[in-house]
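Open the model in your viewer and keep the sequence beside it. We will walk through a few spots together, one neighbourhood at a time.

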Amino acid sequence: MGESLDPLPMQGPELGFHADDIERPDMEQDSKQEVLENKDVIVQRVHIDGLGRTKEDCLTYEIADVFRAKNLIDVMKRAHEARQKLLRLGIFRQVEVVIDTSRGVDALPNGLDVTFDVSELRRMTGSYNTMVGNNEGCMVLGLKLPNVFGSAEKLTFQVSYGTKETSYGLSFFKPQPGHFERNFAVNLYKVAGQFPWSSLRETDRGVSTEFSFPLWKTNHTLKWEGVWRELGCLERTASFAVREESGHSLKSSLSHSMVIDTRNSAILPRSGALLKINQELAGYTGGDASFLKEDFEIQFNRRLFWDSVLSASLWGGCLLPIGDKPTCIADRFYLGGPTSVRGFSMYSIGPQSEGDYLGGEVYWAGAVHLYSPLPFRPGKGGFGDLFRTHFFLNAGNLCNLNYGDGPQAHLRKLAECIRWSYGAGIVLRLGNIARLELNYCIPMGVQSGDRICDGFQFGAGIRFL
């Protein structure tokens with residue numbers, strides 16, 4: 001390889017390449033590529049420059065794979081992967097990588113030194129923004145202390161001051177060194193919300209702890225939550241059923257969630273599948289709410305001809321009260337609206353009293369979508385790729401069950417009075433944060449008491465059926 005090798009700066013996303021991605025315009029470049037791939041090298045040293053308050057031992061796990069590289073191309077790949085791991089910790093503003101020949105008395109002829117030049121985030125960062133929704137405007141202020149103790153911990157405080165309600169939250173996040181997916185978090189919060197479809201106001205004050213970890217191809221989260229809930233009527237005209245639910249309650253619950261996600265995007269996937277299962281058990285660790293809650297989400301996505309995508313989703317859940325006390329309106333499922341069964345107003349399917357929707361103890365919902373590019377592909381390769389047209393068919397049902405009946409009676413009730421709708425619309429992907437939909441909906445299977453949205457319907461969110 002000669003006496004010296006020019007430093008190879010690696011920075012920015014453009015360097016996330018593989019050996020197969022390098023262009024081969026002629027045979028000479030082929031031969032050079034072969035030399036680089038076949039030349040045996042040894043990574044003798046790895047340096048991390050620019051550390052201040054970060055403990056170096058917690059970064060050793062993130063860069064260990066660089067020492068296993070066997071040739072120059074492998075060194076570049078592993079160094080880039082290590083760079084991505086360092087950025088994932090959320091404690092560095094910038095990470096640059098330089099590969100150079102080893103120097104010094106113990107330098108080998110084929111030895112390399114890899115240097116990670118890092119720039120740490122400030123000890124404290126702040127943010128502010130405004131949000132508008134549900135006929136309410138609010139200002140959100142955030143304060144973040146990254147890398148509090150030098151091992152990628154994070155302390156976050158956020159307050160939302162609105163025209164109607166004020167909420168806040170304090171959280172502490174601690175990953176396991178070398179296993180960022182294995183982490184522990186503690187949250188302290190007060191969340192206030194208004195739910196006009198139920199004429200209900202809810203204020204939650206609580207604390208939760210959770211532990212997340214991967215297991216084979218699945219990701220799991222174990223969580224304990226203790227929350228003091230205060231329910232009240234939003235309107236003086238609230239139904240008697242909602243007034244009965246008003247007051248204070250204490251919920252202490254243990255929950256577990258399992259996720260298998262092979263989708264290429266969580267917002268608007270074009271391939272892959274999702275399986276998500278949640279279980280929550282309340283009452284055995286205290287509190288006056290006692291129930292067992294199960295719900296699941298399944299999604300499949302398959303790429304078809306002409307850059308179109310066929311997507312199918314299925315949701316379902318069941319809430320079982322434990323003991324003689326009925327379930328609380330705050331724990332039940334709700335269905336309907338632009339993010340679930342389109343063509344119906346927000347959460348306007350299922351049991352209701354005097355126009356207030358009370359939620360249900362069991363539900364299911366399914367949808368089939370056909371996504372395709374915009375006609376004539378305007379803005380192809382740029383802004384136009386954020387838009388997709390889609391045709392959809394969705395259906396679902398929400399009800400309460402008499403648990404003294406058998407499974408066949410339950411299935412018959414879930415199959416009765418199915419609400420469904422179909423239509424078409426335009427989808428806009430907002431990065432990997434959220435998506436917007438403008439659909440023309442035709443609701444079908446409408447039952448007495450349902451509120452429909454026949455025609456154009458707008459929706460914004462993260463999770464869509």
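Strands β21 and β22 run antiparallel and are joined by seven bridges. Strands here are DSSP runs of E with at least two residues, while helices are runs of H or I with at least four, and both are numbered from the N terminus. Two strands pair if DSSP finds at least two bridges between them. Within this pairing, N439 stands opposite Q457 in β22. On its way through the sequence, β21 also meets strand β20 (residues 419–430): eleven bridges join these two, again in an antiparallel arrangement. Here A424 stands opposite Y440 in β21. β20 and β21 form a hairpin with three residues between them, and G431 in that turn has a positive phi of about 60 degrees.

Before going on, a word on what you are looking at: this is a predicted model, in which local features need pLDDT of at least 70 and side-chain atom pairs count only at pLDDT 80 or more, whereas totals for chains, interfaces and linings use all residues. Residues are numbered from 1 along each chain as its sequence is written, and side-chain values use heavy atoms, with hydrogens and water left out.

Now look at the aromatic rings. Rings of Phe, Tyr and Trp (for Trp, its six-membered ring) pair if their centres lie within 6.5 Å; planes under 30 degrees apart count as stacked, over 60 as edge-to-face and the rest as tilted. How many aromatic pairs does this rule give? The count comes to ten. In one of them, the ring centres of W197 and Y347 are 4.8 Å apart and the planes meet at 75 degrees, so this pair is edge-to-face. W197 sits in the loop between β9 (179–195) and β10 (200–215), and Y347 in the loop between β15 (309–321) and β16 (352–353), so the pair ties together parts that are 150 residues apart in sequence. Is W197 buried or exposed? Buried means under 20% relative accessible area, exposed means over 50%, and partly exposed is in between (1.4 Å probe, protein chains only). W197 counts as buried because its relative accessibility is 14%, while Y347 is partly exposed at 27%.

Another ring pair takes us back to the strands we began with. The rings of Y440 and F456 have centres 5.2 Å apart and planes at 80 degrees, so they too are edge-to-face. Y440 belongs to strand β21 (residues 434–444) and F456 to strand β22 (residues 455–461), so this pair ties together parts that are 16 residues apart in sequence. Y440 is partly exposed, with a relative accessible area of 39%, and F456 counts as exposed at 60%. Elsewhere, ring pairs link F195, W197, Y334 and Y347 into a cluster.

Rings can also have a charge above them. A charge sits over a ring if NZ of Lys or CZ of Arg is within 6 Å of the ring centre and within 35 degrees of the ring normal. R205 lies over the face of W228, 4.9 Å from the ring centre. The charged end of K154 sits over the ring of F173, at 5.7 Å from its centre.

Step along to E153, in the loop between β6 (136–146) and β7 (154–162). E153 counts as buried because its relative accessibility is 5%. What does its side chain reach? It comes to 3.0 Å from the backbone nitrogen of S151. Contact means heavy atoms within 4.5 Å. Leaving aside neighbours within four places in sequence, E153 is in contact with several residues, including L145, V148, F172 and F173.

L374 is buried, with a relative accessible area of 17%. Leaving aside neighbours within four places in sequence, L374 is in contact with G384, F387 and T389. The C-alpha atoms of L374 and T389 are separated by 5.9 Å, although the two residues are 15 apart along the chain.

Finally, turn to the backbone. E354, in the loop between β16 and β17 (356–357), has a phi near 55 degrees, a positive value in a residue other than glycine. E354 is exposed, with a relative accessible area of 63%. D307, in the loop between β14 (291–303) and β15, likewise has a positive phi without being glycine, near 60 degrees.

Note on methods. Polar contact = N/O pair within 3.5 Å; in protein donor to acceptor, adjacent residues only side chain to side chain.
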